[in-house]
Amino acid sequence: MGGRRVLAAVAAAGVLTGVLAGCSSGGSKSVGAADSPASSAAGTTAPGTAAASASAPAGGAPDQAAPSAPGAGSAPVSAPAPAAAEAPRGDLETALLDDKVVGQVLPDAKAMAGWEEEKRRVDTADHKVTCTGAAAASCAGKPLSGSVRFSSGDVVVRFLVDTLPSRDAAAQRLKENYASYSAGPFKKVDTPALGSESQAFQGPLAEGEGVGIVVRSGTVVASVTSEGGPVDVAATRKFAVMLVKRIEQAQSGKAPDAGLGVG
(Lines give C-alpha, C1' and ligand atoms only; values in the text may rest on other atoms or scores of the structure.)
Protein backbone atom coordinates (compact mmCIF):
# COMPACT_ATOMS: atom_id res chain seq x y z
CA MET A 1 0.00 0.00 0.00
CA GLY A 2 3.17 2.26 0.02
CA GLY A 3 3.12 5.28 2.23
CA ARG A 4 -0.64 5.62 1.64
CA ARG A 5 -1.82 3.88 4.72
CA VAL A 6 -1.24 4.73 8.29
CA LEU A 7 -2.47 2.26 10.83
CA ALA A 8 -5.88 3.30 12.18
CA ALA A 9 -5.45 4.90 15.55
CA VAL A 10 -7.16 7.23 17.88
CA ALA A 11 -6.16 10.51 19.46
CA ALA A 12 -7.08 9.43 22.96
CA ALA A 13 -4.65 7.39 25.00
CA GLY A 14 -6.08 4.46 26.85
CA VAL A 15 -6.20 0.79 27.45
CA LEU A 16 -7.01 0.17 23.82
CA THR A 17 -3.80 1.92 22.83
CA GLY A 18 -1.93 -0.17 25.38
CA VAL A 19 -3.29 -3.41 24.03
CA LEU A 20 -2.36 -2.57 20.47
CA ALA A 21 1.12 -1.83 21.69
CA GLY A 22 1.18 -5.31 23.23
CA CYS A 23 0.15 -6.85 19.93
CA SER A 24 3.01 -5.07 18.18
CA SER A 25 5.59 -6.19 20.75
CA GLY A 26 8.48 -8.50 20.06
CA GLY A 27 6.65 -11.46 21.62
CA SER A 28 3.91 -11.35 19.06
CA LYS A 29 3.53 -13.50 16.01
CA SER A 30 3.28 -11.39 12.87
CA VAL A 31 1.94 -12.47 9.52
CA GLY A 32 1.14 -10.41 6.46
CA ALA A 33 2.44 -7.25 4.80
CA ALA A 34 5.10 -5.06 6.28
CA ASP A 35 4.13 -3.01 9.29
CA SER A 36 2.88 0.44 8.56
CA PRO A 37 4.78 3.45 9.94
CA ALA A 38 2.36 3.69 12.86
CA SER A 39 1.03 0.87 15.01
CA SER A 40 -2.43 1.01 16.53
CA ALA A 41 -4.21 -1.30 18.84
CA ALA A 42 -6.73 -2.21 21.33
CA GLY A 43 -6.38 -0.79 20.60
CA THR A 44 -8.02 -2.00 21.65
CA THR A 45 -7.87 -3.40 23.01
CA ALA A 46 -9.64 0.73 22.09
CA PRO A 47 -8.63 3.93 20.55
CA GLY A 48 -6.29 1.32 21.45
CA THR A 49 -7.92 -2.13 20.45
CA ALA A 50 -8.15 0.61 16.58
CA ALA A 51 -7.04 -0.25 15.28
CA ALA A 52 -8.83 0.72 17.05
CA SER A 53 -8.04 -1.79 18.00
CA ALA A 54 -10.57 -1.17 18.05
CA SER A 55 -11.77 -3.06 22.25
CA ALA A 56 -11.66 0.75 21.76
CA PRO A 57 -8.56 1.74 19.69
CA ALA A 58 -4.91 0.85 21.00
CA GLY A 59 -1.18 0.77 19.91
CA GLY A 60 2.08 2.70 19.76
CA ALA A 61 2.13 6.42 19.16
CA PRO A 62 -0.05 6.80 16.08
CA ASP A 63 0.39 9.54 13.54
CA GLN A 64 -2.57 11.87 13.67
CA ALA A 65 -4.03 13.52 10.63
CA ALA A 66 -6.39 16.43 10.78
CA PRO A 67 -9.91 15.05 11.25
CA SER A 68 -12.20 15.31 8.33
CA ALA A 69 -15.69 16.65 8.71
CA PRO A 70 -18.09 13.93 9.85
CA GLY A 71 -20.50 12.85 7.19
CA ALA A 72 -22.72 10.04 6.19
CA GLY A 73 -22.09 8.04 3.09
CA SER A 74 -21.52 4.63 1.70
CA ALA A 75 -18.23 2.90 1.22
CA PRO A 76 -16.47 3.71 -2.06
CA VAL A 77 -17.25 1.51 -5.03
CA SER A 78 -13.77 0.02 -4.73
CA ALA A 79 -14.55 -1.26 -1.24
CA PRO A 80 -16.83 -4.32 -1.21
CA ALA A 81 -19.63 -3.48 1.20
CA PRO A 82 -20.53 -6.26 3.64
CA ALA A 83 -23.87 -7.91 3.12
CA ALA A 84 -26.53 -7.65 5.78
CA ALA A 85 -26.07 -9.98 8.73
CA GLU A 86 -28.15 -10.60 11.81
CA ALA A 87 -26.65 -9.38 15.04
CA PRO A 88 -25.63 -12.37 17.19
CA ARG A 89 -26.15 -12.16 20.92
CA GLY A 90 -24.63 -14.11 23.79
CA ASP A 91 -22.91 -13.84 27.13
CA LEU A 92 -20.93 -17.06 27.37
CA GLU A 93 -18.47 -17.66 30.21
CA THR A 94 -16.10 -19.65 27.98
CA ALA A 95 -12.59 -18.16 28.09
CA LEU A 96 -10.54 -18.17 24.87
CA LEU A 97 -7.04 -18.24 26.35
CA ASP A 98 -5.33 -20.00 23.46
CA ASP A 99 -3.38 -17.99 20.91
CA LYS A 100 -4.30 -20.44 18.13
CA VAL A 101 -8.00 -19.93 18.83
CA VAL A 102 -7.53 -16.16 18.92
CA GLY A 103 -5.87 -16.37 15.52
CA GLN A 104 -8.85 -18.30 14.17
CA VAL A 105 -11.34 -15.81 15.59
CA LEU A 106 -9.81 -12.98 13.60
CA PRO A 107 -11.30 -12.79 10.08
CA ASP A 108 -9.25 -14.31 7.25
CA ALA A 109 -9.17 -13.80 3.48
CA LYS A 110 -12.13 -16.13 2.99
CA ALA A 111 -14.28 -14.24 5.49
CA MET A 112 -13.21 -10.90 3.97
CA ALA A 113 -13.67 -11.78 0.31
CA GLY A 114 -12.69 -8.86 -1.91
CA TRP A 115 -10.42 -7.28 0.73
CA GLU A 116 -6.64 -7.42 1.01
CA GLU A 117 -5.10 -8.52 4.30
CA GLU A 118 -2.26 -6.18 5.19
CA LYS A 119 -1.16 -7.14 8.67
CA ARG A 120 -1.96 -9.75 11.33
CA ARG A 121 -0.63 -10.05 14.87
CA VAL A 122 -1.47 -12.57 17.58
CA ASP A 123 0.06 -12.41 21.04
CA THR A 124 1.63 -15.58 22.48
CA ALA A 125 -0.40 -17.27 25.20
CA ASP A 126 2.50 -17.44 27.66
CA HIS A 127 3.84 -13.92 26.89
CA LYS A 128 7.27 -15.53 27.12
CA VAL A 129 9.11 -12.83 25.25
CA THR A 130 7.11 -9.79 26.30
CA CYS A 131 6.71 -10.74 29.97
CA THR A 132 10.09 -11.88 31.27
CA GLY A 133 12.36 -10.62 34.00
CA ALA A 134 11.32 -7.39 35.71
CA ALA A 135 8.51 -6.88 33.21
CA ALA A 136 6.79 -10.12 34.18
CA ALA A 137 5.02 -8.55 37.16
CA SER A 138 3.32 -5.99 34.96
CA CYS A 139 1.91 -8.75 32.75
CA ALA A 140 -0.19 -10.36 35.49
CA GLY A 141 -3.69 -10.67 34.10
CA LYS A 142 -2.59 -9.35 30.70
CA PRO A 143 -5.23 -10.28 28.13
CA LEU A 144 -4.35 -12.43 25.16
CA SER A 145 -4.92 -10.28 22.11
CA GLY A 146 -4.78 -10.27 18.35
CA SER A 147 -5.43 -7.87 15.50
CA VAL A 148 -5.73 -7.91 11.73
CA ARG A 149 -6.08 -5.14 9.16
CA PHE A 150 -7.70 -5.26 5.72
CA SER A 151 -7.96 -2.70 2.95
CA SER A 152 -9.93 -2.18 -0.24
CA GLY A 153 -9.21 0.92 -2.26
CA ASP A 154 -8.98 3.79 0.20
CA VAL A 155 -10.91 2.04 2.95
CA VAL A 156 -9.13 0.36 5.85
CA VAL A 157 -10.85 -1.92 8.37
CA ARG A 158 -9.15 -3.22 11.49
CA PHE A 159 -10.32 -5.98 13.85
CA LEU A 160 -8.96 -6.41 17.36
CA VAL A 161 -9.80 -8.89 20.11
CA ASP A 162 -8.78 -9.14 23.77
CA THR A 163 -9.58 -12.32 25.65
CA LEU A 164 -10.14 -12.19 29.42
CA PRO A 165 -10.43 -14.99 32.02
CA SER A 166 -14.01 -14.11 33.02
CA ARG A 167 -17.04 -12.05 32.02
CA ASP A 168 -16.46 -9.73 34.99
CA ALA A 169 -12.90 -9.05 33.85
CA ALA A 170 -14.13 -8.47 30.30
CA ALA A 171 -16.84 -6.09 31.51
CA GLN A 172 -14.20 -4.06 33.37
CA ARG A 173 -11.98 -3.95 30.30
CA LEU A 174 -14.94 -2.77 28.23
CA LYS A 175 -15.52 0.13 30.65
CA GLU A 176 -11.86 1.12 30.32
CA ASN A 177 -12.13 1.05 26.55
CA TYR A 178 -15.27 3.18 26.64
CA ALA A 179 -13.43 5.65 28.83
CA SER A 180 -10.57 5.82 26.34
CA TYR A 181 -12.96 6.88 23.59
CA SER A 182 -14.86 9.26 25.83
CA ALA A 183 -11.61 10.99 26.82
CA GLY A 184 -10.89 11.84 23.19
CA PRO A 185 -12.71 13.77 20.46
CA PHE A 186 -15.18 10.97 19.81
CA LYS A 187 -18.95 11.05 19.93
CA LYS A 188 -21.26 8.13 20.63
CA VAL A 189 -23.34 6.83 17.76
CA ASP A 190 -26.65 5.06 18.31
CA THR A 191 -26.65 1.58 16.75
CA PRO A 192 -28.41 -1.70 17.64
CA ALA A 193 -26.56 -3.63 20.35
CA LEU A 194 -24.14 -6.44 19.52
CA GLY A 195 -22.95 -9.38 21.61
CA SER A 196 -23.36 -8.92 25.36
CA GLU A 197 -23.03 -5.13 25.16
CA SER A 198 -21.56 -2.65 22.72
CA GLN A 199 -21.11 1.00 21.77
CA ALA A 200 -20.24 2.73 18.49
CA PHE A 201 -18.14 5.89 18.28
CA GLN A 202 -17.29 8.34 15.53
CA GLY A 203 -14.24 10.57 15.48
CA PRO A 204 -10.82 11.32 13.99
CA LEU A 205 -8.63 8.35 13.14
CA ALA A 206 -5.30 8.34 11.30
CA GLU A 207 -6.72 9.55 8.00
CA GLY A 208 -9.72 11.58 9.04
CA GLU A 209 -13.17 10.81 10.35
CA GLY A 210 -13.84 7.15 11.07
CA VAL A 211 -16.05 4.76 13.01
CA GLY A 212 -15.12 2.47 15.90
CA ILE A 213 -17.38 -0.16 17.46
CA VAL A 214 -16.40 -1.71 20.79
CA VAL A 215 -18.20 -4.85 21.91
CA ARG A 216 -18.07 -7.43 24.67
CA SER A 217 -19.09 -10.97 23.87
CA GLY A 218 -18.90 -13.01 27.06
CA THR A 219 -15.22 -13.03 28.10
CA VAL A 220 -13.96 -11.33 24.94
CA VAL A 221 -13.71 -7.60 24.26
CA ALA A 222 -13.37 -6.73 20.59
CA SER A 223 -13.34 -3.68 18.38
CA VAL A 224 -13.73 -2.86 14.72
CA THR A 225 -12.71 0.42 13.13
CA SER A 226 -13.08 1.72 9.58
CA GLU A 227 -11.61 4.80 7.93
CA GLY A 228 -10.30 6.13 4.65
CA GLY A 229 -13.61 6.69 2.90
CA PRO A 230 -16.97 8.30 3.61
CA VAL A 231 -18.12 7.63 7.18
CA ASP A 232 -20.34 4.55 7.10
CA VAL A 233 -21.59 3.40 10.49
CA ALA A 234 -23.88 0.71 9.03
CA ALA A 235 -21.07 -0.94 7.07
CA THR A 236 -18.74 -0.87 10.09
CA ARG A 237 -21.43 -2.49 12.21
CA LYS A 238 -21.77 -5.35 9.71
CA PHE A 239 -18.06 -6.07 10.08
CA ALA A 240 -18.57 -6.11 13.86
CA VAL A 241 -21.52 -8.51 13.48
CA MET A 242 -19.24 -10.94 11.65
CA LEU A 243 -16.51 -10.67 14.30
CA VAL A 244 -18.94 -11.28 17.16
CA LYS A 245 -20.33 -14.31 15.34
CA ARG A 246 -16.82 -15.75 14.97
CA ILE A 247 -16.17 -15.15 18.68
CA GLU A 248 -19.40 -16.93 19.63
CA GLN A 249 -18.54 -19.86 17.37
CA ALA A 250 -15.19 -20.27 19.13
CA GLN A 251 -16.84 -19.97 22.56
CA SER A 252 -19.23 -22.77 21.54
CA GLY A 253 -16.33 -25.03 20.56
CA LYS A 254 -16.80 -24.58 16.82
CA ALA A 255 -14.23 -23.52 14.23
CA PRO A 256 -14.90 -19.85 13.44
CA ASP A 257 -16.00 -19.58 9.81
CA ALA A 258 -18.50 -16.70 9.72
CA GLY A 259 -17.89 -14.26 6.88
CA LEU A 260 -19.52 -11.12 5.57
CA GLY A 261 -23.25 -11.67 5.25
CA VAL A 262 -23.27 -14.65 7.65
CA GLY A 263 -25.67 -14.09 10.53
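Glu118 and Arg149 are both buried, that is, under 20% relative accessible area, with exposed meaning over 50% and partly exposed in between (1.4 Å probe, protein chains only). The model is predicted: local features need pLDDT of at least 70, side-chain atom pairs count only at pLDDT 80 or more, and totals for chains, interfaces and linings use all residues. Residues are numbered from 1 along each chain as its sequence is written, and side-chain values use heavy atoms, leaving out hydrogens and water.

**Salt bridges**
- The count comes to six salt bridges, each a side-chain nitrogen of Lys or Arg within 4 Å of a carboxyl oxygen of Asp or Glu.
- Glu118 pairs with Arg149, with the closest N and O atoms 2.8 Å apart.
- This pair links distant parts of the chain, Glu118 lying in strand β2 and Arg149 in strand β3, 31 residues apart.
- Arg120 and Glu117 also form a salt bridge (3.0 Å, N to O); Arg120 is buried at 12% relative accessible area, whereas Glu117 is partly exposed at 26%.
- Asp162, Arg173 and Glu176 are linked in a salt-bridge network.

**Strand β2**
- Six of the eight residues in β2 (116-123) are buried.
- Strands β2 and β3 run antiparallel and are joined by six bridges; two strands pair if DSSP finds at least two bridges between them.
- Val148 in β3 is the bridge partner of Arg120.

**Nonpolar core**
- The largest nonpolar core has 34 residues, of which Phe159, Val161 and Leu243 touch the most other members; such a core joins buried Ala, Val, Leu, Ile, Met, Phe, Trp, Tyr and Cys residues through side-chain atoms within 4.5 Å.
- The largest share of this core, nine residues, comes from α4; helices (H or I, at least four residues) and strands (E, at least two) are DSSP runs, numbered from the N terminus.
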